[in-house]
Amino acid sequence: MDIADILTLQTQVLWAAFAVAVAFGFIAQRTHFCTMGAISDVVNMGDWTRMRMWGMAVGVAMVGFYALAWLGWIDPGKTLYTSARVIWLSALVGGLMFGFGMVLASGCGSKTLVRIGAGSLKSVVVFIVMGLSAFATLRGVFGVLRVNTVDKAAFDLPVGSSAIPVWISSGFGLDPSLTGVLMALLVGGALVLWALVGPEFRNFNNLLAGLGLGLVIVLMWWVSGRLGFVAEHPETLEAVYLGSNSGRMESLTFTAPMAYTLDWLIFFSDTSKLLTFGVVTVVGVVVGSLVCALIESSFRWEGFHGTQDTALHIVGGALMGVGGVTALGCTVGQGLSGLSTLSITSVIAVTGIVLGAVASLRFQMWLLDRE
């Protein structure tokens, strides 16, 4: 494979990622999929319907990820989430920040992009603030603070991965691929069954969200880890995942990609700033949501209701940007993509996100009581 072939393949990978992201945006807009909304429904109304959507999506993604690994199409150890280094405090603190912020901002990173496609000017502001805050946490002042504080509280696993099936297979001398599939079927299957048990859940939209978005995550793993994998790059003679920002296999996540998108737009004339997996997926989700909103005639311009509303969304966007990078992902990055790998780091991050969201919901109730 020569350089021309590499460039052609990279273009195919980016178009494929864009197409799958469009599907994510369309389905999320069509079904009102929202992790923040799911937590809010449970806390405020005791309604578990949207949480069952999320549970089913995680279960499907989990089974799909380890099925790809069992077939030998992807290497489950080559993701950001399954690194042997567990930054447990970063995952927890970052998750808490992200969860608190997503409630203030009326939705997580993916919901922000979906709302932009449906006409929300509020979400455009959140996107800019979140992207700038994420960039500052990746490479700027918040990044220095992160590296010198919470990132130091970490430990390395002797088994070489934070994926739970690797622990089990190492401890019992089992085949990691088979262990992964069996554990994914057990845990992921249980989540899918839990979702289907609720009679109110079993309608087209809910099933489309759970099954469709779970499959979207699996497709993204295939695009990045199978289609975009080159065992030996002709220039470096090393294995490479084409279009990847992290240098590893990627699926959907939105916090860092928002920063990369702003970076690409601002420095567009710089020929070293190339389109990447993260940038095209950010654009794809907005496009998919816009298409759905136009088809359903649900596109509406939306602005801020006042000073407090503006302030809360700006603070929420900043918390999501800092928290999402610190936790290595958002409700989709850690909540769907990360959990699909059965990573202990993802479990910690998602726990933090849920706790942060619950605390933020209580805070909003306090604000309403004051009024």
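Modeller: Let's start with a term. A residue is buried when its relative accessible area is under 20%. Keep in mind that this model is predicted.

Biologist: Okay. Gly 25, buried or exposed?

Modeller: Gly 25 has 0% relative accessibility, so Gly 25 counts as buried.

Biologist: Which helix is Gly 25 in?

Modeller: Gly 25 lies in helix α1, which covers residues 3-31.

Biologist: And what does Gly 25 contact, leaving aside neighbours within four places in sequence?

Modeller: Val 114, Val 285, Gly 288 and Ser 289.

Biologist: How far apart are Gly 25 and Val 216?

Modeller: In sequence, 191 residues. In space, 10 Å, C-alpha to C-alpha.

Biologist: Switching topic. What about Thr 255, buried or exposed?

Modeller: Buried, because the relative accessibility of Thr 255 is 1%. Thr 255 is found in helix α11, residues 255-266.

Biologist: Which residues touch Thr 255, leaving aside those within four places in sequence?

Modeller: Among them are Phe 98, Met 130 and Ala 134. Met 320, Gly 321, Gly 324, Val 325 and Cys 330 are also in contact with Thr 255.

Biologist: Zoom out. How many helices and strands does the protein have?

Modeller: 15 helices and 4 strands.

Biologist: How much of the protein is buried?

Modeller: Buried residues make up 52% of the 371 residues.

Biologist: What about its radius of gyration?

Modeller: The protein has 20 Å. A compact globule with 371 residues would be near 21 Å, so the value agrees. The C-alpha atoms fill a box of roughly 60 × 50 × 45 Å along the principal axes.

Biologist: Now helix packing. How do you describe two packed helices?

Modeller: By the angle between their axes and the distance between the axes.

Biologist: So what are the angle and distance for α3 and α10?

Modeller: Helix α3 (residues 49-70) and helix α10 (residues 204-227) pack at about 30°, with axes 7 Å apart. That makes α3 roughly parallel to α10, because angles under 35 degrees count that way.

Biologist: Is the crossing of α3 and α10 left-handed or right-handed?

Modeller: Right-handed.

Biologist: Which residues make that contact?

Modeller: From α3, they include Met 53, Val 60, Gly 64 and Leu 68. From α10, they include Leu 207, Gly 210, Gly 214 and Trp 221.

Biologist: How many are nonpolar, polar or charged?

Modeller: The contact of α3 with α10 has 16 nonpolar, 5 polar and no charged residues.

Technical notes. Residues are numbered from 1 along each chain as its sequence is written. This is a predicted model: local features need pLDDT of at least 70, side-chain atom pairs count only at pLDDT 80 or more; totals for chains, interfaces and linings use all residues. Side-chain values use heavy atoms; hydrogens and water are left out. Axes are lines fitted to C-alpha atoms, for helices over the stretch in contact, and angles run from 0 to 180 degrees between N-to-C directions. Helices (H or I, at least four residues) and strands (E, at least two) are DSSP runs, numbered from the N terminus. Angles under 35 degrees count as roughly parallel, over 145 as roughly antiparallel, 65 to 115 as roughly perpendicular and the rest as oblique. A crossing is left-handed if the near helix is turned anticlockwise from the far one by less than a right angle, and right-handed if clockwise. Contact means heavy atoms within 4.5 Å. Ala, Val, Leu, Ile, Met, Phe, Trp, Tyr, Cys and Pro count as nonpolar, Asp, Glu, Lys and Arg as charged, and the others, Gly among them, as polar. The radius of gyration is taken over C-alpha atoms; the globule rule is 2.2 Å times the number of residues to the power 0.38. Buried means under 20% relative accessible area, exposed over 50%, partly exposed in between (1.4 Å probe, protein chains only).
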